[in-house]
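Hi everyone, thanks for making time. Let me put the sequence and the model up, and then I'll walk you through how the pieces pack.

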Amino acid sequence: MNDPIIRLSGLTKDYPMEGETVRALRGIDLAIQAGEFMSIMGPSGSGKSTLMHILGLLDTPTSGVYMFGEENVSAISREKRADIRNQKIGFIFQGFNLLSRSSALENVELPMLYRRPTDPDRKEKALEALRLVSLEDRAFHQPSQLSGGQQQRVAIARSLVNDPSLILADEPTGNLDTKTGQEILQLLGSLHEKGITVVLVTHDPEIGQATNRRVLVRDGLIEQDEVN
């Protein structure tokens, strides 16, 4: 194994709600190695989604330390979090989150517009990302002209286009039929085989079985951490 890409120490997250404090995370200690293919699992309300938001720098912990590589990102500025998200993290969502009036190619290009807007090779890089998910022949189709599985492949290509060191996938097969969901899982597994760190967040035990490591979160704590 390589050095951890992520290290969490004593991570907590509290939310004020109607005069009370809801403790979504109660002290998470977790190391994710570079190149792992793992799942974070748990029932609704377990804290897994809160943990994913913090891992993806979409939210900040109440206390504890989050090391991303060699950088402590526990309490950095919103602007710095946005920079790291765009440069180092790729996101895949259950609802695909594609721009409905833009082509597949334009959707994949979008992260590069923030990071390197004047890159003359932007379209070619987006096409290469679509080739990686076997969808280059649908580059100029809008989402409404694509199946659910094809839309998720576009979303995966979009997550890859900035060469991230980490991909976070939130219920990536949740809106897909079983066969298409298995194809998406195989695609994510192939990305792991290329050396990309892939973390799936899911409540589905069958999805968890497809990964090499499973972390079960319950009541804001890690209840189980097992390797296949």
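**Helices and sheets, piece by piece**

Let's start with helix α3 (104–115), whose buried residues are Ala-104, Leu-105, Asn-107, Val-108, Glu-109, Pro-111 and Met-112. By buried I mean under 20% relative accessible area, with exposed being over 50% and partly exposed in between, using a 1.4 Å probe and protein chains only. Helices here are DSSP runs of H or I with at least four residues, strands are runs of E with at least two, and both are numbered from the N terminus.

A quick word on where this comes from: it is a predicted model, in which local features need pLDDT of at least 70 and side-chain atom pairs count only at pLDDT 80 or more, while totals for chains, interfaces and linings use all residues. Residues are numbered from 1 along each chain as its sequence is written, and side-chain values use heavy atoms, leaving out hydrogens and water.

So what do the buried residues of α3 pack against? They pack against α2 (78–88), α4 (122–132) and α5, where contact means heavy atoms within 4.5 Å.

Let's follow α5, residues 148–160. α3 and α5 pack at an angle of about 30°, their axes 7 Å apart; axes are lines fitted to C-alpha atoms, for helices over the stretch in contact, and angles run from 0 to 180 degrees between N-to-C directions. α3 and α5 are therefore roughly parallel to each other, the cut-offs being under 35 degrees for roughly parallel, over 145 for roughly antiparallel, 65 to 115 for roughly perpendicular, and oblique for the rest. On the α3 side, the contact is made by Ala-104, Asn-107, Val-108 and Pro-111, and on the α5 side by Val-154, Ala-157 and Arg-158. Those residues divide into five nonpolar, one polar and one charged. In this scheme Ala, Val, Leu, Ile, Met, Phe, Trp, Tyr, Cys and Pro are nonpolar, Asp, Glu, Lys and Arg are charged, and the others, Gly among them, are polar.

α5 also packs with helix α6 (178–193), at about 15° and with axes 10 Å apart. That makes α5 roughly parallel to α6. Among the contact residues are Ile-156 and Leu-160 of α5, and Leu-187 and Leu-191 of α6. By class, this contact has six nonpolar, three polar and two charged residues.

Now the sheets. Six strands form an open sheet in the order β6-β7-β8-β3-β9-β10, with mixed pairing; two strands pair if DSSP finds at least two bridges between them. β6 (89–93) and β10 (221–227) are at the edges with a single partner strand each, so one side of each has no neighbour in the sheet. The twist averages 15° from one strand to the next. β9 (213–218) and β10 run antiparallel, joined by six bridges, and Arg-218 has Leu-221 in β10 as its bridge partner. α5 packs on this sheet, touching β6 and β7, and its direction makes about 170° with that of β6.

Finally, an open sheet of four strands runs β2-β1-β4-β5, with antiparallel pairing. Here β2 (20–33) and β5 (71–72) are the edge strands. β1 (4–17) and β2 pair over eleven bridges, and Arg-7 has Ala-31 in β2 as its bridge partner. Helix α1 (48–55) packs on this sheet, touching β1, β2 and β4 (63–68), and its direction makes about 120° with that of β1.
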